[in-house]
Amino acid sequence: MPVEERVSITSEKSGLTEAETDLLRSGGGLSLEEANRMIENVVGTIAYPLGIAANFRINGRDRLIPMAIEEPSVVAAASNMARLMRGGEGVKVTSTDPVMIGQIQVLDIPNIDKAKKNIAEAKDKLLDLANQQDPVLVRFGGGARDIQQRTIQTEAGEMLILHLLVDCRDAMGANAVNTMCETLAPVVNELTGGRVLLRIISNLADHRLVRAECVVKKEDLGGEKVVDDVVSAWAFADADPYRAATHNKGIMNGVIAVALAVAQDHRALEAGAHAYAARSGHYSALSRWSKNENGDLVGVLEMPMAVGIIGGATRTHPIARLALKVMGISKAAELAETMAAVGLAQNLGALRALVKEGIQQGHMRLHARNLVVMAGAEGDLIGRAVKALVESGEIRFDKAQEIVKRLEG
Ligand code: NAD
């Protein structure tokens with residue numbers, strides 16, 4: 001479809017207003033004034049392509065998925081795999097309560113056992129104090145839930161680490177949790193006789209998990225051999241960190257593209273995902289692929305997903321609000337679950353391509369387009385040069401330069 005037709009269909013299906021539809025056409029949707037309110041020392045903005053992944057059926061509901069990404073093939077692969085997943089009734093998703101961990105590091109404690117006992121006895125008082133910092137969060141059903149204690153041995157000696165567990169509802173929660181931890185610090189000093197140093201959220205959000213599952217019929221995937229090969233490809237990733245890093249990168253292609261479209265803290269998501277992948281002490285695959293009794297492929301992805309639809313840039317970036325509307329999302333949990341579904345589809349896209357034709361075939365036409373643009377092609381010359389480059393069978397920069405020069409002349 002031409003871009004304008006995609007814009008109209010997205011607008012129509014998502015019930016976008018005229019102004020929102022114009023925002024899609026605006027080439028980035030963020031004014032300099034808006035950008036200047038978001039970070040420091042602003043001199044401009046940078047736009048990314050925003051694509052729509054189609055075919056997603058998540059918990060029985062069809063959703064259009066906005067994805068912001070600079071890498072070719074990702075949106076196409078997600079849409080293609082979502083189509084295959086529909087044969088097994090789409091992706092099923094669930095999530096835990098949105099509980100984040102705030103860490104309080106306590107040093108120089110004279111008697112650790114006594115300190116731990118004092119903290120345990122004062123738990124309710126500490127939770128109350130934390131909740132007083134955020135009555136809005138409490139009103140929405142969230143708030144501090146529990147305090148856990150860990151002693152760890154470090155290069156700098158033994159430390160007591162408190163984990164403040166906070167249900168963040170529709171917020172990502174970093175500001176909320178950090179504020180609570182900072183407030184508790186003086187009381188923790190008193191209760192432990194020690195000295196609180198760090199008070200900060202943990203991005204290993206292993207209480208805030210999402211799970212996405214799908215079944216792909218063997219005939220939709222290209223037969224039982226492809227199913228077996230995908231399982232073998234997954235087993236490689238699960239056993240080998242060198243492969244697991246790339247396997248998980250493929251998952252994050254989907255997760256982060258949606259995260260960018262809705263202006264999430266994607267560094268927090270990356271940090272959480274990779275730390276979770278290494279939680280056993282051995283960095284491995286975030287997903288698991290197996291074959292069921294019918295010979296069909298079963299995929300499961302479980303990972304932390306600390307996202308919010310309140311706070312951060314999600315409310316200030318106009319495209320982020322629009323992207324949530326396109327997905328039809330009104331809860332942070334729904335966003336987290338949708339992102340896991342996209343991550344799972346993306347993972348399958350890469351595995352399927354790798355075990356079948358190899359990853360380059362799908363990439364090459366798009367890569368050819370990048371090469372001819374790099375070689376200076378503009379306007380309708382781009383299409384002609386891509387065609388010639390693909391037909392040459394040698395998709396390389398020197399060849400692209402040669403073709404562009406010839407066609408220009
Ligand atoms: P925030 O403080 O802007 O918004 C959260 C607040 O919104 C809550 O505390 C609550 O008072 C209010 N709220 C209103 N309605 C709510 C609802 N339905 N559910 C929950 N809360 C509701 O944002 P935040 O989510 O606390 O923090 C996110 C920001 O923190 C991001 O910009 C992130 O980049 C940044 N950050 C991240 C880290 C990290 O990940 N390590 C560290 C520091 C800051």
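Residues are numbered from 1 along each chain as its sequence is written, and side-chain values use heavy atoms, with hydrogens and water left out. Because the model is predicted, local features need pLDDT of at least 70 and side-chain atom pairs count only at pLDDT 80 or more, while totals for chains, interfaces and linings use all residues.

**The ligand**

The ligand is surrounded by 21 residues, each with a heavy atom within 4 Å of it. Asp134, Gly173, Ala176, Asn203 and Asp265 are the closest. By type, the shell holds eleven nonpolar, six polar and four charged residues. Here Ala, Val, Leu, Ile, Met, Phe, Trp, Tyr, Cys and Pro count as nonpolar, Asp, Glu, Lys and Arg as charged, and the others, Gly among them, as polar.

At least two shell residues come from each of α7 (135–139) and α8 (174–192). The largest share is that of α8, with four residues. Helices (H or I, at least four residues) and strands (E, at least two) are DSSP runs, numbered from the N terminus.

| Residue | Atom of the residue | Distance to an oxygen atom of the ligand |
|---|---|---|
| Gly173 | backbone N or O | 2.6 Å |
| Ala176 | polar backbone atom | 3.0 Å |
| Asp265 | side-chain N or O | 2.7 Å |

On its own the ligand has 870 Å² of accessible area, of which the protein covers 75%; accessible areas come from the Shrake-Rupley method with a 1.4 Å probe.

**The sheet**

Four strands form an open sheet in the order β3-β8-β10-β9, with antiparallel pairing. Two strands pair if DSSP finds at least two bridges between them. The edges are β3 (92–95) and β9 (287–291); each has a single partner strand, so one side of each is left without a neighbour in the sheet. From one strand to the next, the twist averages 15°.

Five bridges join β9 to β10 (residues 297–304) in the antiparallel sense, and Ser290 stands opposite Val298 in β10. These two strands, β9 and β10, form a hairpin with five residues between them. In its turn, Gly295 has a positive phi of about 85°.

Helix α12 (residues 266–277) lies across β8 (209–216) and β10, where contact means heavy atoms within 4.5 Å. The helix α12 runs at about 115° to β10; axes are lines fitted to C-alpha atoms, for helices over the stretch in contact, and angles run from 0 to 180 degrees between N-to-C directions.

Conventions:
A polar contact is a pair of N or O atoms within 3.5 Å; within protein, one must be able to donate a hydrogen and the other to accept it, and residues adjacent in sequence count only if both atoms are side-chain atoms.
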